[in-house]
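Dear colleague,

I am passing on the structure we spoke about, together with notes on what was found in it. Please read the notes with the structure open beside them.

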Amino acid sequence: MRFAYYPGCSARSTCAELNVATHRVAHRLGLDLLQLESATCTGARELRAIDPAGFYALNVRILALAEREQLPLMTICNTCTLNLLDAHAAFVSDEKLAQAVNEKLAEENLKYSGRTKISHFLWVLYEDIGEARLRELVTNPLTGLTVAAFYGCHITRPPLRYGFVDSRNNVALERLAEILGCRPIDYSGRTECCGFHTAAHDEKVAIKLTGQHILSAKTGGAQAMVTPCPLCHTVLDGFQREIANDLGPELDVPVLHLPQLVGLALGLTPEELNIDRHVVAATEIARAAGKNRAMNAAG
């Protein structure tokens, strides 16, 4: 299976380990990723508020790049996914907007006709790989690891944007964790905002918001959290020192990118997945994955 691959900004900068892990896991899954090197930022959600025309042009350009390759587009960021879905929906429903955007794209000999399918890596796992095949590919089940799934906002809301059934039920990450051998937990905050976009305006609010999610996960018995979004990861992993100063107790909860969790269960090493790049050390997770790998090899 071949995809045009859009990593977004974070996975090529502050969360570079996510891009590395995605490529390595994709190889294990039999996915051929054509990374769109000239694709720009989608503008987060802020650009849309101040420059709608620029927002649509940036996002439709990415879709046009994928369409030129005649490939579906795979993303690994919740916000990028929603931006692209919003831009596509606006493009196909507004002829004047479509004409204006294509006139802009013509300067690069690009054109969008509305045919690009947009899919997040989480959905690719279910819709393209499938649960049965995933189970076959798990060579190092993460037995004994208790995981708290953190969805974040933009992969679940608004439900109207998502054809994938899980946009309403929010069980995909937990089902995936079970396939990988983990034990998922339920806790408050799993589908709430991570506070990333709030942090730019009022970091204190973001710290309190995110802290409650992590504390709830830890209280529920989670040894680690997993998220499908690098923006959520940035806050969940990067703000724990500030959160501890605010809440009092040390949290020390490792936060894994979704491809890293999948990769460990597929037999990739923590070093190959760049797990050592995180702010909160995932030493125990890496040690447990190595121990399971050794036991499976011996057995």
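The largest cavity holds about 50 Å³ of space, and it is one of 3 cavities of 30 Å³ or more that a search of the whole structure finds. A cavity here is a set of points, on a 1 Å grid over the protein atoms alone, where a 1.4 Å probe fits but cannot get out, and lining residues have an atom within 4 Å of a point; grid points are joined across faces, edges and corners, and the volume is the space filled by probe spheres set on the points. The model is a predicted one, in which local features need pLDDT of at least 70 and side-chain atom pairs count only at pLDDT 80 or more, while totals for chains, interfaces and linings use all residues. Residues are numbered from 1 along each chain as its sequence is written, and side-chain values use heavy atoms, with hydrogens and water left out.

The lining of the largest cavity includes H120, F121, C229, H257, L258 and P259. By class it has 8 nonpolar, 3 polar and no charged residues, where Ala, Val, Leu, Ile, Met, Phe, Trp, Tyr, Cys and Pro count as nonpolar, Asp, Glu, Lys and Arg as charged, and the others, Gly among them, as polar.

L258 and P259 also belong to the buried residues of helix α14, a helix being a DSSP run of H or I with at least four residues, numbered from the N terminus. Buried means under 20% relative accessible area, exposed over 50% and partly exposed in between, with a 1.4 Å probe and protein chains only. In α14 (residues 258-265), 8 of the 8 residues are buried, so the helix is largely enclosed by the rest of the structure. Just after α14, G267 takes a positive phi of about 100 degrees.

As for cysteines, the count comes to 0 disulfides, a disulfide being a pair of cysteine sulfur atoms within 2.5 Å. The sulfur of C15 has its closest cysteine sulfur in C229, at 8.7 Å, which is too far for a bond. For C182 the closest cysteine sulfur is that of C232, 19 Å away and likewise too far. C15 is buried at 2% relative accessible area, and C182 is buried at 6%.

Finally, A100 lies in helix α5 (residues 95-105) and is partly exposed, with a relative accessible area of 44%. A100 and A53 are 47 residues apart in sequence, and their C-alpha atoms are 8.8 Å apart in space.

Best regards

How values were computed: Helices (H or I, at least four residues) and strands (E, at least two) are DSSP runs, numbered from the N terminus. On a 1 Å grid over the protein atoms alone, a cavity is a set of points where a 1.4 Å probe fits but cannot get out, and a pocket is an open set with protein on both sides within 12 Å along at least five of seven lines; lining residues have an atom within 4 Å of a point.
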